[in-house]
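This briefing goes through a few local features of one protein model. Please look over the sequence and the structure before reading the points below.

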Amino acid sequence: MKLFDVLVAFAGLSLLLLAGITLRRKLRWLRQLGIPEALVAGLLGLLIGPFGPLRLFPEQVYTVWGQTPGVLISLVFATLFLGQRLPSPRQLWQRAAGQTAFGMTLGFGQYLVGALLVGLVLQPLFGTNPLMACLIEVGFEGGHGTAAGMGDTFADLGLPSGEALGLAMATVGVVSAVLIGSTLVVIGRSRSLLSAQDTQPSAGPLLQRAAHSDPMSAEAKLAQEEAAGLSDPIGSASVTIDALTVNLALAGAAVGLGVLLKEGLTRLGGALGGAATADLLNAIPVFPLAMLGGLMVQLLLQWRGHSTLASPVVQASVGSLAMDVLITAAMASLNLPMLEDNWLPFLLLALAGLAWNVAAFLLLARRFFRDHWFERAIADFGQGTGVTATGLLLLRMADPLGRSRAMESFSFKQLVFEPFLGGGLITALAPIALASWGLPRFNAVALLLTVASIAFGLWIGRRPQRA
């Protein structure tokens, strides 16, 4: 593979992204559905991709497209903690406990539903690979980025079509989340289930402080400067390095730590458990370890008093750019022939996952949340079926004026939830655990975790509400 092929590959991805942005702006219904530009670009890429009807590029370019997601997903997760300052544990508990319990119920329940369906129906009738029990959580909770990042893990464990199936599941999830979620909001509004629609604005502490503060406070000015790359990341007047360069270097260091952590785990497993254990640990993807690397870099910066080096604005931009390119490349190189052999098990898994998410929303949500249950739950339903942006879209539909405190709780929940489910450590380790334990034991563990999550949520719902 030549450097020229890499340049052509990323030039092609850039043109696809521009086409996706243009098409989304021209077609109003795409904006109303909340379909991301990168997903539109990826679907356009299917037409000119390696399995599309209009192949425009040589095979080397498509090889780069296929390898891009596995690289960029590590960069996405490396930026999650960089530049972030965690709220106090008490604040996290008060505002994020219910949201976290509901998210855990959705996520672990998706593993349970998938394992039951595969073990009781799909494997006896179709000989379905047991690893497909993980596809609902990977596609729905994790999304396109996680599905692409888990491709090598699935392939190493014996499911080469795992990436293609995961990406297809994520696409079904995004579309279904918008359609089903919008329908739920309409029904909720007609039945007066949206508590925020009949109340006076009651902004949370974050919004209250914003309303009474100078709109051009020091923090706001710093954020604008960081976004423009004008702030001084080092803290001296003679700095000559750009803020974007510093933050890219920090993200790269986090990815490097993730690679070292994986290498260390693999060697330690080989020394303690032999070659079989080393091979199993080698299937762990780098991206959750890169997230731990980002946390380590952030803690080091805070310990040394250089926390301003990592800008949350720039890190978010780096992660967003990597995710957009990742989704475009993953969808454009989607292996369509691999879907043909598993289309019926895939369809049944998707329907089962959707049924579980809707049932959890209708039957459990109001018992988990003591205030604004519909607004809080619809955000988690959108994220747990589609992507985070879908959850925010549905929350905006349910609470357009921001009268509930659902946005604050939903934001705090990400700090607790994302490192584990929805693309975190548990998502990365679940297929490995399934391959090691077997489907019956995996099913039992998923049942235990789902029941524990429901019990936790019901307990949170019964506790007195505090301000």
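**Helix packing, a buried threonine and ring pairs**

Helices α6 and α8 are roughly perpendicular to each other, a label for angles of 65 to 115 degrees. The model is predicted: local features need pLDDT of at least 70 and side-chain atom pairs count only at pLDDT 80 or more, while totals for chains, interfaces and linings use all residues. Residues are numbered from 1 along each chain as its sequence is written, and side-chain values use heavy atoms, with hydrogens and water left out.

**Helices α6 and α8**

- Two packed helices are described by the angle between their axes and the distance between the axes.
- For α6 and helix α8 (residues 162-190), the angle is about 105 degrees and the axes are 7 Å apart.
- Axes here are lines fitted to C-alpha atoms, for helices over the stretch in contact, and angles run from 0 to 180 degrees between N-to-C directions.
- Helices are DSSP runs (H or I, at least four residues), numbered from the N terminus.
- On the α6 side, the residues that meet α8 include Leu135, Phe140 and His144; on the α8 side, Gly162, Met169 and Val174 are among them.

**Threonine 146**

- Helix α6 spans residues 135-149 and contains threonine 146.
- Threonine 146 has a relative accessible area of 2%, so this residue is buried (under 20% relative accessible area, with a 1.4 Å probe and protein chains only).
- A polar atom of the threonine 146 side chain lies 3.2 Å from the backbone oxygen of glycine 142.
- Beyond its neighbours within four places in sequence, threonine 146 is in contact (heavy atoms within 4.5 Å) with residues including Ile73, Phe287 and Thr427.

**Aromatic pairs**

- Rings of Phe, Tyr and Trp (its six-membered ring) pair if their centres lie within 6.5 Å; planes over 60 degrees apart count as edge-to-face.
- By this rule there are 11 aromatic pairs.
- Phenylalanine 57 and tyrosine 62 are edge-to-face because their planes stand at 80 degrees, with ring centres 6.2 Å apart.
- Tyrosine 62 is buried, at 4% relative accessibility.
- Tryptophan 373 and phenylalanine 374 are also an edge-to-face pair, 5.5 Å centre to centre with 65 degrees between the planes.
- Tryptophan 373 is buried at 14% relative accessible area, and phenylalanine 374 is buried at 2%.
- Ring pairs join Trp373 and Phe374 with Phe361 and Phe381 in a cluster.

**Charges over rings**

- The charged end of lysine 413 sits over the ring of phenylalanine 417, 4.3 Å from its centre.
- The charged end of arginine 304 sits over the ring of tryptophan 303, 5.4 Å from its centre.
- This label requires NZ of Lys or CZ of Arg within 6 Å of the ring centre and within 35 degrees of the ring normal.

Terms used. Helix = DSSP H or I, 4+ residues; strand = E, 2+ residues; numbered from the N terminus. Buried < 20%, exposed > 50% of the residue type's maximum accessible area, 1.4 Å probe, protein only. Polar contact = N/O pair within 3.5 Å; in protein donor to acceptor, adjacent residues only side chain to side chain. Phe/Tyr/Trp six-rings, centres within 6.5 Å; stacked < 30°, edge-to-face > 60°. Parallel < 35°, antiparallel > 145°, perpendicular 65-115°, else oblique.
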